[in-house]
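This report describes selected local features of one protein structure. The sequence and the structure are shown first, and the description follows.

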Amino acid sequence: MRILPVIMSGGSGTRLWPLSREGMPKQLQALTSDDSMLVETARRVSGQVGALEFLPPLIILNAKQADTARTQLGEAGLSDARLVVEPVGRNTAAVAGAAAELAAATDGADLVLLLPADHYIRDVDAFRDAIACGSELAGEGRLVTFGIEPNEPHTGYGYIRRGEATGPGFDVRAFTEKPDAETAARFLGAGGYYWNAGIFLFAPDAVRGEMERQCPDVLDAVRKAIAAGLQVGDRLDLDAQAFARCPSISFDYAVMEGTEEAAVVPADIGWSDVGSFDALWQIRDKDSAGNAGTGEVSFLDSRHCFGFAGNARLVLCGVRDLVVVQTGDAVLVADRNDSQAIKTVVEQLKSEGRADLL
């Protein structure tokens, strides 16, 4: 069975400001290894895995990121990747629709693996095993998502409630968007719930059929944007006028919550969405006091801190649970556990018209 990976790489990662910005978001940076997160993701879904063959990936991103992405992929030996450029962000339902349409036109693509470019996966072999399990269900027309066993009542993730066993996975009984702390704790205590990793596996026609039934306006706009798009070599620029008419809605809301074909495959893969400095700190190597740093960073009598030095010496002295990030034009000092505050900073900069810092 041949799988077309479609990598979503259009986000800006505002909760990692000032490291992550519109022109150089987290997925184009080497935050978890020596390679960018986009390159790590593309390598994860390349080659042969048993009876599965990964085709060269499609990378869906915006115009500001395209040149950097192409350079990184080429230097990593992944020059066969194709780029699909969105003129404006329209959320993940539009991306899934484009993925299904382009896969249907790709010779030999049996299934689509839709996944974000900015996730960390520690156990690549387990991830590939989960894809192999999911392919059994997707080959039967099921829309497969992958569930992460929760280890804390996290309120920043969506949850999947599993139903009856089906092959190597389970029927999906319900999706719940980011719950409050009390609800998340109840889910954890009850069992049978997974974090929603936002990774999907499906046959192109299965998704197109569901979108024609549930959100035909999204699929229609995507089809027109592809048909009127500009294809130059291995880059397709979607038509701006047609794509702008597409409703902005997530794939979960538009399709997965309303289908009777949803299935979940548990995936114990060492997963993180690297959605905050705390998440980045958790996956990084640390010293004996629990500190993690990049660049010229020193920790003196400090514990559980994250430091990033861009072009200066950074010293954290006598502090706890802080994030300190220094770049060429900005310095951030924040509570490591309060990622929402950093998002608020970005919103304030936008209101001030500080495009130079965004």
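## The surroundings of E40

E40 touches T32, S33 and D35, leaving aside residues up to four places away in sequence; contact here means heavy atoms within 4.5 Å. Its place is in helix α1, which spans residues 37-44. Helices (H or I, at least four residues) and strands (E, at least two) are DSSP runs, numbered from the N terminus. The model is a predicted one, in which local features need pLDDT of at least 70 and side-chain atom pairs count only at pLDDT 80 or more, while totals for chains, interfaces and linings use all residues. Residues are numbered from 1 along each chain as its sequence is written, and side-chain values use heavy atoms, with hydrogens and water left out.

E40 is buried yet has no salt bridge. Buried means under 20% relative accessible area, exposed over 50%, and partly exposed in between (1.4 Å probe, protein chains only). A salt bridge is a side-chain nitrogen of Lys or Arg within 4 Å of a carboxyl oxygen of Asp or Glu. The nearest side chain of opposite charge to E40 is R44, at 4.0 Å; Lys and Arg count as positive and Asp and Glu as negative, whereas His and the chain ends are not counted. The side chain of E40 does make a polar contact with the side chain of S33, at 2.4 Å. A polar contact is a pair of N or O atoms within 3.5 Å; within protein, one must be able to donate a hydrogen and the other to accept it, and residues adjacent in sequence count only if both atoms are side-chain atoms.

## Backbone geometry

Most residues other than glycine have a negative phi, and most peptide bonds are trans. W17 and P18 are joined by a cis peptide bond, with omega about 5 degrees. P18 belongs to the loop between β1 (2-8) and α1.

For D301, phi is near 50 degrees. D301 lies in the loop between β17 (297-300) and β18 (306-309), and is exposed at a relative accessible area of 59%.

Strand β14 (262-266) is mostly covered, since four of its five residues are buried. Two strands pair if DSSP finds at least two bridges between them. Five bridges join β14 to β8, and these strands run parallel; A262 in β14 is the bridge partner of L143. With strand β10 (residues 169-176), β14 pairs in the antiparallel sense over two bridges, and here V264 in β14 is the bridge partner of F170.

A267 lies in the loop between β14 and β15 (271-272). This alanine counts as buried, at 5% relative accessibility. Leaving aside residues up to four places away in sequence, A267 touches A130, F146, G147 and I148. The C-alpha atoms of A267 and D129 are separated by 8.7 Å, although these residues are 138 residues apart along the chain.

## Helix α6 and its cover

Helix α6 (residues 204-214) has P204, A206, V207, R208, E210 and M211 as its buried residues. Their cover includes α3, β6 (111-116), β8 (143-148), β11 (193-202), α7 (216-227) and α9 (251-256).

R208 and D205 both lie in α6, three residues apart, about one turn of the helix. Their side chains meet in a salt bridge (2.7 Å, N to O). R208 is among the buried residues of the helix, whereas D205 is exposed, with a relative accessible area of 53%.

## Salt bridges elsewhere

A search of the whole structure finds 20 salt bridges. One of them joins the side chains of R313 and E296 (3.7 Å, N to O). R313 lies in the loop between β18 and β19 (314-317) and E296 in the loop between β16 (292-294) and β17, so the pair ties together parts that are 17 residues apart in sequence. Both R313 and E296 are exposed.

R354 forms a salt bridge with D356, the closest N and O atoms being 2.6 Å apart. At 34% relative accessibility, R354 counts as partly exposed. Salt bridges that share partners also join E101, D205, R208, E212 and R223 into one network.
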